[in-house]
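Here are some notes for your first look at this model. Please keep the structure open as you read.

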Amino acid sequence: MSALDELRAAFPDLVTDPDILLSLARDSADLLGDDKPGTPLAALRPTSTEQVAQAVRIAARHRVPVVPQGARTGLAGGANAVDGALLMCLDTMDRIISIDPLNRVAVVQPGVINANLRRAVAEHGLFYPPDPSSWEISSVGGNVSTNAGGMCCVKYGVTTEYVLGLEVVLPDGEILRCGRRTTKGVAGYDLTRLFVGSEGTLGIITEITLSLRPAPPESLTLVAMFPSVRDAGTAVAAITAAGATPSMLELLDRVHLRAIEAYRPMGLALDAEAMLLIASDSAHAAADLAVIEEVCQKAGATEVYVASDAEEADALQGARRLSQPAMKKLAQTTFGTDSGEVIIEDVAVPRSTMADLIEAIGTIAADRGVVIGVVGHAGDGNLHPKILMDRANPASVAAAKAAFDDIMAVTLSLGGTCTGEHGVGLLKREWLEQEMGPVGMRVHRAIKAALDPENLMNPGKVI
Ligand SMILES: Cc1cc2nc3c(=O)[nH]c(=O)nc-3n(C[C@H](O)[C@H](O)[C@H](O)COP(=O)(O)OP(=O)(O)OC[C@H]3O[C@@H](n4cnc5c(N)ncnc54)[C@H](O)[C@@H]3O)c2cc1C
């Protein structure tokens, strides 16, 4: 029996319709180069770990590659189909299995949408901090698999800080349970962290045990406008040096302010070169913001104000979350709906060198003749330079690719990393190699070979 026949016999709902498969073939990344998604064999929407394991066993027997998919909001091509693959669409496994307020633990299936989990735990006075801008559309399984970050990670850390344990279907179909439910625990190798951020290349995560925090007090939000992006970068370093611990420290440059205002008008100041959006959720939020305000003014801010109420603060944070669709719209307006694209970088540098990186990006944009907007989790030194590109124009694609490479090179030279939160996927493979060096890559490949000797689990991604 062929792989397809066997899968069909086991799963009558197996998706083989070519149009549906095409619609599932890629994530949200605009990729450089020729990394077109492959043509999948079929897609499965499992409802249980046992179904995932059974399908993986069939696939392994027939040497069919398997591509795990969450909500396909990824920005590195990690969930893209490869030729002949079984797509494992985990959006159907979307149950919050339990919330345990006493131990501050939640157990969830991977398809739960991040914001739904946040809302559910809030009903118990609890807080699940990781908050990617995609929180209303991305899945917790995808967040764990990419070790996603977000706006409040400057204070609370990224996804991995909250993952206590996992259930994983390994590439041969065996089911591994690793990690714990306890606050402390050091038994054995830290397999849980090995799977966090592994982008579906080592196994399929089918259950996640998460640690939660008590809900923080309501935050206060401050906005500071700067005459140059470098001044804003300097203010970020000075805020940290002053000992402040903001719960959000985001940067938007002029390109983004204009793009967001055009996408959804909300009165953002368009004459500034950069804006910092800063929040504090500590018990002394007003005093914290007073210190931060002074630091921003010393760094050259032309205007600093505190949001008058929660509604205004939400609107400002909402504007920041619109940066990606707003830039996409700008690219389409500039180059046409079909060919306007945005290549998103996701680089991170030590905070002390962020102003240098920002300045270098400005030079790269001028030298390569491309528009690059910069937005990011500045408090983490994690920036998302976004390069506008006309896919239909080879010169524009070449210039965008050159600018992308330039930004990667300068980031690594500043002691940074090629990806702060989006992952390697297809987009950053060659840069991972440069960052890791030969020994780092040998260890990566040895781990992959130990768990997936036939290279069937999301092949071609990451390494
Ligand atoms: C508008 C927008 C804003 C964004 N903002 C942020 C941000 O602030 N911070 C951030 O970190 N990211 C951000 N992203 C990127 C993206 O949302 C994250 O990478 C997210 O974690 C992906 O989740 P997903 O459910 O969409 O996963 P997918 O895109 O479906 O998959 C991502 C990777 O994880 C693997 N995977 C998914 N589920 C599983 C599973 N259960 N088991 C094993 N492997 C799995 C896939 O194979 C793939 O390699 C943004 C994206 C968009 C479109």
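1. Start at F226. Leaving out residues up to four places away in sequence, F226 touches D231, A232, A235, A272, E273, A274, L276, C296, A299, G300, A301 and T302. Contact here means heavy atoms within 4.5 Å. This is a predicted model: local features need pLDDT of at least 70, side-chain atom pairs count only at pLDDT 80 or more, and totals for chains, interfaces and linings use all residues. Residues are numbered from 1 along each chain as its sequence is written, and side-chain values use heavy atoms, with hydrogens and water left out.

2. F226 also belongs to the largest nonpolar core, which has 52 residues. Such a core is a set of buried Ala, Val, Leu, Ile, Met, Phe, Trp, Tyr and Cys residues joined through side-chain atoms within 4.5 Å. Buried means under 20% relative accessible area, exposed means over 50%, and partly exposed lies in between (1.4 Å probe, protein chains only). F226, L276, C296, I372 and I387 touch the most other members. Helix α14 (residues 394-413) gives the largest share of this core, seven residues. Helices (H or I, at least four residues) and strands (E, at least two) are DSSP runs, numbered from the N terminus. Another core, of 26 residues, lies apart; V108, C152, L166 and L176 are among its members. In soluble globular proteins, nonpolar side chains tend to be buried together.

3. How many aromatic pairs are there? The count is two. Rings of Phe, Tyr and Trp (its six-membered ring) pair if their centres lie within 6.5 Å; planes under 30 degrees apart count as stacked, over 60 as edge-to-face and the rest as tilted. F127 and Y156 pair edge-to-face, 5.2 Å centre to centre, with 85° between the planes. F127 is in strand β6 (residues 126-127) and Y156 in helix α6 (residues 153-156), so this pair ties together parts 29 residues apart in sequence. Both F127 and Y156 are buried.

4. Y128 and Y162 also pair edge-to-face, at 6.2 Å centre to centre and 80° between the planes. Y128 is in the loop between β6 and α5 (140-146), and Y162 is in the loop between α6 and β7 (163-169), 34 residues apart. Y128 and Y162 are both buried.

5. R213 touches residues from these pairs: its contacts include F127, Y156 and Y162, not counting residues up to four places away in sequence. R213 lies in strand β10 (residues 213-214). Is R213 buried, partly exposed or exposed? R213 is partly exposed, with a relative accessible area of 36%.

6. Now look at the second largest pocket. Its space is about 710 Å³. On a 1 Å grid over the protein atoms alone, a cavity is a set of points where a 1.4 Å probe fits but cannot get out, and a pocket is an open set with protein on both sides within 12 Å along at least five of seven lines; lining residues have an atom within 4 Å of a point. Grid points are joined across faces, edges and corners, and a volume is the space filled by probe spheres set on the points. Of the 28 lining residues, R118, F127, W135, S219 and Q317 are the closest to the centre. Helix α11 gives the most to this lining, with six residues. The charged end of R321 sits over the ring of W135, 3.7 Å from its centre. That label needs NZ of Lys or CZ of Arg within 6 Å of the ring centre and within 35 degrees of the ring normal.

7. A search of the whole structure finds one cavity of 30 Å³ or more. The largest cavity holds about 40 Å³ of space. V56, A59, A60, V64, V66, P171, L456 and M457 line it. Helix α3 (residues 49-61) supplies the largest share of that lining, three residues.

8. R63 is not a glycine, yet has a positive phi of about 55°. R63 is exposed, at 55% relative accessibility. E199, also not a glycine, has a positive phi of about 55°. E199 is buried, at 10% relative accessibility. Most residues other than glycine have a negative phi.
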